[in-house]
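I opened a notebook page for this model and kept the entries in the order in which I looked things up.

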Amino acid sequence: MSDRLRSLTDLDRVIHEPARLLIMTILSAVDSADFLFLQNETGLTKGNLSSHLSKLEEAGYIEIQKTFKGKLPMTICRLTESGQLAYQNYRQQMQSFIENT
Amino acid sequence: MQTQDLSQIEQRVKRYWYEDGIAELAGGGMFILLGLYFAIQGIFGEKSLVSVILQVSLALLMIAGAFGVRWLVNLLKTRLTYPRTGYVQYRVNEQDTKHRRYTIAGSAMLIAVASVVLADYIRAFDSMVLVTGLLVGLILIVLRGKSAGLKRFYVLGVLSVLLGAVLSMSGLMQAYNLTLFYGLSGITFIVSGGLTLRRYLHEHPLQPEAGSE
C-alpha cells in the first residue's frame with residue numbers, strides 16, 4: 001500500500017463522516033454552541049443531529065450539557081481537548097493528502 | 001469537504017454574532033451618547049462646571065456604558081436571536097486579541113502623528129475629528145469587515161473616514177465637529193443595524209417549537 005493510501009486509511013473515521021466533520025468544524029470555531037444553532041448550520045434533522053452528537057460524545061470528542069439561558073432550555077455542545085486535538089490532526093492529514101495528490 | 005470549505009464554515013460561524021444587527025444598534029446608541037457629551041461641551045463651553053463634571057466622569061460613563069451595552073446586547077440576543085437561530089459562545093483567543101491591539105495601537109499612533117503634522121500646515125484643519133474618523137473606520141474595516149467577512153462594515157468604515165475628513169475641514173468648533181461625527185455615525189449604525197435586524201427577523205420567524213433539544 002502506498003504512503004498516500006495509508007494516510008487515507010489512517011483518517012479518523014468518527015470525524016471523516018461529512019455531517020460529523022461539519023459539526024466538529026463549527027464547534028472548533030467557537031467555545032460552545034447549542035443544538036438549535038448546530039441544527040441551523042448543518043441542516044440536519046433533530047434525530048440525525050442527535051445521533052451524530054451521541055457518536056461524537058461517545059468518542060470523547062465533545063461534551064454535552066443541558067442548561068437554561070434565561071427561560072430557554074438549551075443543549076450546549078463543546079469540543080473536548082481530545083476533540084480539538086483529533087480535529088487538528090484530521091485537518092493536517094487531509095491537507096497533506098491534498099497537497100500530495 | 002475541502003479544507004477551504006472548512007475555513008469558510010469557520011468564518012460563517014464567526015460572523016453569526018453580527019447577523020442580527022443588534023451589535024450595531026448598541027454601538028450606534030453608544031455613539032449618540034458620545035455625541036450628546038460633546039454637544040453639552042460645545043453648548044456650555046469647555047471650562048464650564050457642567051463640562052468639567054462631565055470630563056471627570058467620562059471614564060466612569062464609558063465603563064458604565066460598555067457594561068450597559070453588553071447587558072443590553074445579551075438581553076436582546078437572548079430574547080430575539082437565540083430562540084430563532086441558536087446560541088453561540090465565542091472563544092477569546094488571547095494571542096489574536098493581543099495582535100489586534102498592537103495593530104490598532106500602532107495605527108492609531110501613526111494616524112495621530114500624521115494628523116498633527118498635517119494640522120501644522122493647514123490651520124483650518126480639525127485633526128481630532130479626522131483621527132477619530134480614521135480610527136473608527138480602521139476598526140470597522142479591519143476588525144469587523146475583514147475578520148467577519150461582512151461587506152456592510154466596509155461601507156460603514158469608509159463612511160466614517162469620509163465623514164471625519166469632511167468635518168475636519170468644516171471650520172466648526174471641535175466639540176461640534178465631534179458631536180456631528182458621533183451623532184451622524186450613531187444614526188448610520190442604528191439605521192444599518194435596524195435594517196439588518198428587520199431582515200433577520202423576517203428571514204427567521206420564531207417557530208412555536210423553537211428552542212434547544
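Which side chain does B:Glu203 meet in a salt bridge? I looked it up and found B:Arg199, with N to O at 4.0 Å; a salt bridge here is a side-chain nitrogen of Lys or Arg within 4 Å of a carboxyl oxygen of Asp or Glu. Both residues lie in helix α8 (residues 174-203) of chain B, four residues apart, about one turn of the helix.

**Conventions.** I note that this is a predicted model, in which local features need pLDDT of at least 70 and side-chain atom pairs count only at pLDDT 80 or more, while totals for chains, interfaces and linings use all residues. Residues are numbered from 1 along each chain as its sequence is written, chains are lettered from A and ligands numbered from 1 in the order in which they are written, and side-chain values use heavy atoms, with hydrogens and water left out.

**Chain B.** I read eight helices and one strand in chain B, where helices (H or I, at least four residues) and strands (E, at least two) are DSSP runs numbered from the N terminus. Along the sequence the pattern is α-α-α-α-β-α-α-α-α. Of its 213 residues, 38% count as buried, a term that means under 20% relative accessible area, with over 50% called exposed and partly exposed in between (1.4 Å probe, protein chains only). Among contacts (heavy atoms within 4.5 Å) in chain B with a separation of 6 or more, 73% come from residues 24 or more positions apart.

B:Asp20 counts as buried because its relative accessibility is 0%, and B:Lys77 counts as buried at 2%. I also noted that salt bridges with shared partners join A:Asp31, A:Glu63 and A:Arg78 into one network.

**Interface.** How many salt bridges does the rule find across the interface of chain B and chain A? The answer is two. I looked at B:Glu10 with A:Arg91, whose closest N and O atoms are 2.8 Å apart; the pair crosses from helix α1 (residues 3-14) of chain B to helix α6 (residues 81-100) of chain A, and both residues are buried. The contact takes 25 residues from chain B and 32 residues from chain A.

**Strands of chain A.** Strand β3 (residues 72-79) of chain A is mostly covered, with six of its eight residues buried. Strand β1 (residues 32-34) of chain A pairs with β3(A) in the antiparallel sense over two bridges, pairing being called if DSSP finds at least two bridges between the strands; here A:Asp34 stands opposite A:Ile76. Strand β2 (residues 62-69) of chain A also runs antiparallel to β3(A), joined by eight bridges, and A:Lys66 stands opposite A:Thr75. In the hairpin of β2(A) and β3(A), which has two residues between the strands, A:Gly70 takes a positive phi near 65°.
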